[in-house]
Amino acid sequence: MKRTQVGSRAFDRAGIFLGVASIVFAGFVFGAQLPAEFDFVHIEITGAVVLLVSGTLAIGGGMMRRPTLYAAAGALLIVAALVQVAGLAVSLRPLGGDASTMSVMGGLGTGLLTVALAARSLIRTHSFDER
Amino acid sequence: MSGASAVPVVALPVARATRIMVAVLRCGVALMWIQNVAWKVPPDFGRTQGNGLYFWASQAIAHPVLPPYSAFIEAVVLPNIEVFGWFTLLVEGGLGAFLLIGLATRFWAVVGIGQTVAITLSVLFAPHEWQWSYYLMALTHLAIFATAAGRSYGVDEVLRQRWAHSPGRVARLMMKLS
């Protein structure tokens, strides 16, 4: 079965874009030094590492045109967001931060996973059409 | 009149700069929700200390805007702040998350207007509040809805190409929500 990726370039670009956003948000680990007016997201070391790893994975996946990689990045971020929600419920913060960390990770994770699933279904459609 | 109608009507192409500004608007509003979900702190959301969400919700009783809404806050919301607190946290967290990436953006714009109305009815008459903060919040969500802001550098823009060619019910629904 020949692997066809025609038309999936937009998804790969979205994966790269969301990966870059993930790395930018990891930069908020230094946000505590900012005035409260600009400290939009509360990210601590563990959360920043998760965002950096996911971002790197997503950018790599987009550049190599491998939706599985940015799906993995999305899944990692969604799991991290769920861990953060569970942590908030029991007043534990394994990732540091607060509900703002959950919101950012949940959003970026959902975006990456959704785009990756759409890209994979496109590849499957093209592969099926070729047979 | 006839001369004017003979001129062909050409749709104005949306410039890249305009699309970037729409995306900045969407992400800026997302950051507002993300920053403000941070002070919704479980498990009691400020009931013990009389601060946080509990304090701000109680402003609807101390400084009523709409008496039936204040009665609802007093009888239903404050005694069950743990439940309504989680609801608020998840709605505002969702607003931040989905507006940030631009997925189902029109749906979340409507949710944002609803949440803005709830906040406005709680704190509009509270001391030191600037009423235009809340009017502007509602108007920005209206702008996000009107411009379908997720179609400007959002996930909606990418996925609508897929949804448009998919016969499924979910795809048709997402076309409407985006």
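Helix 6 of chain B passes helix 7 of chain B in a left-handed crossing. This is a predicted model, so everything I say today is computed. I will stay with this pair for a moment.

Two packed helices are described by the angle between their axes and the distance between the axes. Here, helix 6 covers residues 105–123 of chain B and helix 7 covers residues 131–146. Their axes come within 8 Å and cross at roughly 170°. Angles over 145 degrees count as roughly antiparallel, and therefore helix 6 and helix 7 of chain B are roughly antiparallel to each other.

Which residues make the contact? From helix 6 of chain B they include Ala109(B), Ile113(B) and Thr116(B). From helix 7 of chain B they include Tyr134(B), Met137(B) and Phe145(B). The residues of this contact divide into 10 nonpolar, 5 polar and 1 charged.

Next, the two chains together. In chain A, 25 residues are in contact with 21 residues of chain B. Helix 1, helix 3 and helix 4 of chain A each give two or more residues to that side. Helix 4 gives the most, with 14 residues. By type, the chain A side has 15 nonpolar, 9 polar and 1 charged.

Last, one residue. Gly47(A) sits in helix 2 of chain A, residues 45–64. Is Gly47(A) buried or exposed? The cut-off for buried is 20 or more other C-beta atoms within 10 Å; Gly47(A) has 27, so Gly47(A) is buried. Leaving out residues up to four places away in sequence, Gly47(A) touches Leu95(A), Gly96(A), Gly97(A) and Thr101(A). Gly96(A) is 49 residues from Gly47(A) along the chain, yet their C-alpha atoms are separated by 6.6 Å.

Terms used: Residues numbered from 1 in each chain as written. Chains lettered and ligands numbered in written order. Predicted model: local features only at pLDDT ≥ 70, side-chain atom pairs only at ≥ 80, totals over all residues. Helix = DSSP H or I, 4+ residues; strand = E, 2+ residues; numbered from the N terminus. Buried ≥ 20, exposed ≤ 12 C-beta atoms within 10 Å, placed from the backbone. Contact = placed C-beta atoms within 7 Å. Nonpolar A, V, L, I, M, F, W, Y, C, P; charged D, E, K, R; others polar. Axes fitted to C-alpha atoms, helices over the stretch in contact; angles between N-to-C directions. Parallel < 35°, antiparallel > 145°, perpendicular 65-115°, else oblique. Left-handed = near helix turned anticlockwise from the far one by under 90°.
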